[in-house]
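Me: Hi! I'm new to protein models and would like to learn how to read one. Could you walk me through this example?

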Amino acid sequence: MKDAGGTNYGRGDDLVIARCDRCGRFSIWVDGHMIYPLSHTVAPPNLDLSKEVAGDYEEARAILSRSSRGASALLRLAIQKMCKELGEQGHNINDDIASLVKKGLPVKVQKALDTVRVVGNNSVHPGQIDLRDNAEVSKQLFGLVNIIADVMITQPKHIEELYNSTVPDAQRNAIKRRDSSD
């Protein structure tokens, strides 16, 4: 990367506008941190997340480099919305997770949900977890959100699609009768 040089662009003590040698596009750096274009150091959201939850995830992704605490709090909000979409009340995330556990939520998913919940909560309370000193924890939460979505949304969707497309109606009805007669 080199400074834009002999153009109307320039360099200040804390601001650099640069052009990439490879692609020719401009980037803006403040105090050694690239602020434009936004760089994403974590994976995009699971494609099966709702638009609303994916929007919170993307917003968290966009601010991660500037505020890992803010990103963690947004991911906690995304988890709360996801719980509501999974049929829970959506008022108290802890109660929602407990309800999902009673319905058979796998322990590994419960731990992922609680990790995002606790870190997201504590990131905004003084003296709890200082994510300014450990942004790596925030980055890991993005992966947990995608794991939760995969286990709770994507995998069941794929199983349902395969089941409905391969098991004949008559056999599906027989299976329903078998499972409903306790």
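This is a predicted model: local features need pLDDT of at least 70, side-chain atom pairs count only at pLDDT 80 or more; totals for chains, interfaces and linings use all residues.

Me: Which residues is Asp-48 in contact with, leaving aside its neighbours within four places in sequence?

Reply: Those are Ile-153, Thr-154 and Lys-157. With Lys-157 there is also a polar contact between the side chains, at 2.5 Å from Asp-48.

Me: Now the helices. At what angle do the axes of H4 and H5 cross?

Reply: Helix H4 (residues 107-122) and helix H5 (residues 135-166) have axes that cross at roughly 140° and come within 9 Å. Angles over 145 degrees would count as roughly antiparallel, so H4 is described as oblique to H5. The crossing of H4 past H5 is left-handed.

Me: Which residues make that contact?

Reply: H4 contributes Val-109, Ala-112, Leu-113, Thr-115, Val-116 and Val-119. From H5 come Val-137, Leu-141, Leu-144, Val-145, Ile-148, Val-151 and Met-152. Sorted by class, the contact of H4 with H5 holds 12 nonpolar residues, 1 polar residue and no charged ones.

Me: Where in the protein is confidence lowest, and where is it highest?

Reply: For that, look at pLDDT, the predictor's confidence in each residue. Strand E1 (residues 2-3) is lowest, with a mean of 50, while H1 is highest, at 93. For the protein, the mean pLDDT is 84, and 85% of the residues reach 70 or more.

Key
Residues are numbered from 1 along each chain as its sequence is written. Side-chain values use heavy atoms; hydrogens and water are left out. Axes are lines fitted to C-alpha atoms, for helices over the stretch in contact, and angles run from 0 to 180 degrees between N-to-C directions. Helices (H or I, at least four residues) and strands (E, at least two) are DSSP runs, numbered from the N terminus. Angles under 35 degrees count as roughly parallel, over 145 as roughly antiparallel, 65 to 115 as roughly perpendicular and the rest as oblique. A crossing is left-handed if the near helix is turned anticlockwise from the far one by less than a right angle, and right-handed if clockwise. Contact means heavy atoms within 4.5 Å. Ala, Val, Leu, Ile, Met, Phe, Trp, Tyr, Cys and Pro count as nonpolar, Asp, Glu, Lys and Arg as charged, and the others, Gly among them, as polar. A polar contact is a pair of N or O atoms within 3.5 Å; within protein, one must be able to donate a hydrogen and the other to accept it, and residues adjacent in sequence count only if both atoms are side-chain atoms. pLDDT is the predictor's confidence in each residue, from 0 to 100.
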